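Thanks for coming, everyone. Please have a look at the chain on the screen, and then we'll walk through it together.

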Amino acid sequence: MKIASCRSCSEPVVWAEFASGKKCPFDAEPTPSGEWALNEAYDPPKATRIVRAAGSGEDGFTSHFATCPEAATHRRPR
Ligand SMILES: [Zn+2]
């Protein structure tokens, strides 16, 4: 998976694509609270929302829009 840097805060991010075709940066490190799975069989990876049983221990990715301290500057299309 290609790691990029957020242009705003320089954190490592991974660009992935929703089913709608919209691209979004995700935090590069999956966490237990992450809600998205990235299918690396595609380029860019396809993001799908994880449906999992509570306590499964599975990690997921989090949209960088949710964690970026500079999220407001992301709003314009690239
Ligand atoms: Zn950022």
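Is Lys46 buried, partly exposed or exposed? Lys46 is partly exposed, because its relative accessible area is 28%. Here is the scale: buried means under 20% relative accessible area, exposed means over 50%, and partly exposed is in between, with a 1.4 Å probe and protein chains only.

Some ground rules. This is a predicted model, where local features need pLDDT of at least 70 and side-chain atom pairs count only at pLDDT 80 or more, while totals for chains, interfaces and linings use all residues. Residues are numbered from 1 along each chain as its sequence is written, and side-chain values use heavy atoms, with hydrogens and water left out.

Now the salt bridges. The rule asks for a side-chain nitrogen of Lys or Arg within 4 Å of a carboxyl oxygen of Asp or Glu. The count by this rule is 4.

Start with Lys46. Its side chain forms a salt bridge with Glu17, at 2.9 Å from N to O. Lys46 lies in strand β5 (residues 46-49) and Glu17 in strand β2, so the pair ties together parts that are 29 residues apart in sequence. A word on those names: helices (H or I, at least four residues) and strands (E, at least two) are DSSP runs, numbered from the N terminus.

Glu17 also has a salt bridge to Lys23, at 3.6 Å from N to O. Glu17 is buried, with 14% relative accessible area. Lys23 is partly exposed, at 45%.

Next pair. Arg49 bridges to Glu35, and their closest N and O atoms are 2.6 Å apart. Arg49 sits in strand β5, while Glu35 sits in the loop between β3 and β4, 14 residues apart. Which residues do shared partners join into one salt-bridge network? They are Glu17, Lys23 and Lys46.

On to the strands. Two strands pair if DSSP finds at least two bridges between them. β1 (residues 4-5) and β2 run antiparallel, joined by 2 bridges. Ser5 has Pro12 as its bridge partner in β2. The hairpin of β1 and β2 has 6 residues between the strands, and there Ser10 takes a positive phi near 70°.

β2 and β3 are antiparallel too, with 5 bridges. Ala16 stands opposite Cys24 in β3. In this hairpin 5 residues lie between the strands, and Gly21 has a positive phi near 95°.

Then β4 and β5. They run antiparallel, with 4 bridges. Ala37 is opposite Thr48 in β5. The hairpin that joins β4 to β5 goes through 6 residues.

The largest one here has 10 residues, including Val14, Phe26, Trp36 and Phe61. β2 (12-17), β3 (23-27) and β4 (36-39) are the elements that give two or more residues to this core. There is a second, separate core of 5 residues, with Cys6, Val13, Cys68 and Ala71 among them.

Ala47 belongs to the largest core. For contacts, read heavy atoms within 4.5 Å. Leaving aside neighbours within four places in sequence, Ala47 touches residues including Ala16, Phe18, Phe26 and Leu38.

Now the metal. Which atoms coordinate the zinc ion? They are Cys6 (SG), Cys9 (SG), His64 (NE2) and Cys68 (SG), at 2.0 to 2.4 Å. Donors are N, O and S atoms within 2.8 Å of the metal (3.2 Å for Na, K and Ca); water is not among the atoms, so sites may look incomplete. The spacing of the donor residues in sequence is C-x2-C-x54-H-x3-C. His64 and Cys68 are both buried.

Why is the arrangement tetrahedral? Because the 4 donor atoms subtend angles of 101 to 122° around the zinc ion. Four donors count as tetrahedral if all angles lie between 85 and 135 degrees.

Last stop, Asp59. This residue is in the loop between β5 and α1 (64-67). Asp59 is partly exposed, at 38% relative accessible area. Its C-alpha atom is 16 Å from that of Pro45, 14 residues apart along the chain. Beyond neighbours within four places in sequence, Asp59 is in contact with Pro30, Thr31, Pro32, Ile50 and Arg52.

How values were computed. Core = buried A, V, L, I, M, F, W, Y, C linked by side-chain atoms within 4.5 Å. Tetrahedral: all angles 85-135°; square planar, octahedral: opposite > 155°, others 65-115°.
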